[in-house]
Amino acid sequence: MSKLMLSAALLLAAFAAQAEKADSSKPTQITFDQLDADDVKQIKTFTGNVVLTRGTLLMKSPKAVVTEDPEGYQYVVLNSGGGVQATFRQKLDGAGDQWVEGQADRIEYDGKTELVKLFSKAQIKKLEGSKNASQVDGEFISYDSRKEFFAVKNSPSGDSKPGGGRSTMVIQPSSKLAVPATAPAAPATPANQPAPGK
């Protein structure tokens with residue numbers, strides 16, 4: 001198996017969980033310092049410590065632009081500012097306390113497809129409780145919670161370019177593979193000395 005195929009298999013295994021399905025039917029609550037709303041174009045621009053919550057989905061940024069289509073689906077663009085990155089966090093379906101969280105200079109969330117795109121200085125983690133199970137850093141990351149798939153590219157445009165940035169992935173050992181601690185072995189008696197008590 002090539003290194004690329006092995007990396008892809010490990011990546012998929014590390015993130016093989018779906019976002020909380022119930023989130024899509026929950027209302028969206030947004031807290032902010034200032035709002036400019038264009039009801040004709042259905043565009044709302046929130047600024048100042050913006051916090052968007054929908055079920056277990058939590059997104060934060062200094063500025064957010066929310067657009068709603070005629071079907072009622074929301075599209076959110078979170079922008080960094082003042083050295084503060086945009087962030088998102090969402091519970092994963094299934095047993096246990098599993099979460100996915102990410103941060104980047106810009107995050108785009110498509111409420112219709114539940115696709116999250118992270119642009120520039122992007123990072124995404126899978127957490128098991130408070131333990132970091134795996135982490136990916138790159139210039140662009142897209143995360144599709146419905147298809148249980150994400151992709152990492154080496155430029156903030158979302159394309160991989162020759163000579164572009166490098167990405168990094170860290171996968172922590174599974175708790176199933178943890179080796180139980182054992183008592184330290186007694187030091188060996190040198191061959192040329194008698195054992196104690198003799």
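**View 1. Strands S9 and S10 pair in the antiparallel sense over 12 bridges.** This is a predicted model; local features need pLDDT of at least 70, side-chain atom pairs count only at pLDDT 80 or more, and totals for chains, interfaces and linings use all residues. Residues are numbered from 1 along each chain as its sequence is written, and side-chain values use heavy atoms, with hydrogens and water left out. Strands (E, at least two residues) and helices (H or I, at least four) are DSSP runs, numbered from the N terminus. Two strands pair if DSSP finds at least two bridges between them. Opposite Val116 stands Tyr143 of S10. S9 and S10 form a hairpin, with two residues between the strands. Gly129, in that turn, has a positive phi of about 70°.

**View 2. S8 joins S9 through five bridges, and the two strands run antiparallel.** Arg106 stands opposite Phe119 of S9.

**View 3. S7 pairs with S9 over six bridges.** The sense is antiparallel. Lys125 in S9 is the bridge partner of Glu101. How many of the residues of S9 are buried? The count is 10 of 14, and the strand is mostly covered. Buried means under 20% relative accessible area, exposed over 50%, and partly exposed in between (1.4 Å probe, protein chains only).

**View 4. The largest nonpolar core holds 24 residues.** Such a core is a set of buried Ala, Val, Leu, Ile, Met, Phe, Trp, Tyr and Cys residues joined through side-chain atoms within 4.5 Å. Met59, Phe88, Ile107, Leu118, Ile124 and Tyr143 touch the most other members. Elements giving two or more residues include S3 (43-54), S4 (57-68), S9 (115-128) and S10 (131-144). In soluble globular proteins, nonpolar side chains tend to be buried together.

**View 5. Leu118 and its contacts.** Contact means heavy atoms within 4.5 Å. Not counting residues up to four places away in sequence, Leu118 touches Phe88, Gly102, Gln103, Ala104, Arg106, Ile107, Gln123, Glu139, Phe140 and Ile141.

View 6. Buried residues make up 32% of its 198 residues. Among contacts with a separation of 6 or more, 45% are between residues 24 or more positions apart. The accessible surface (Shrake-Rupley method, 1.4 Å probe; for residues, only the protein chains shown count as cover) comes to about 12000 Å². Carbon and sulfur atoms account for 56% of that surface.
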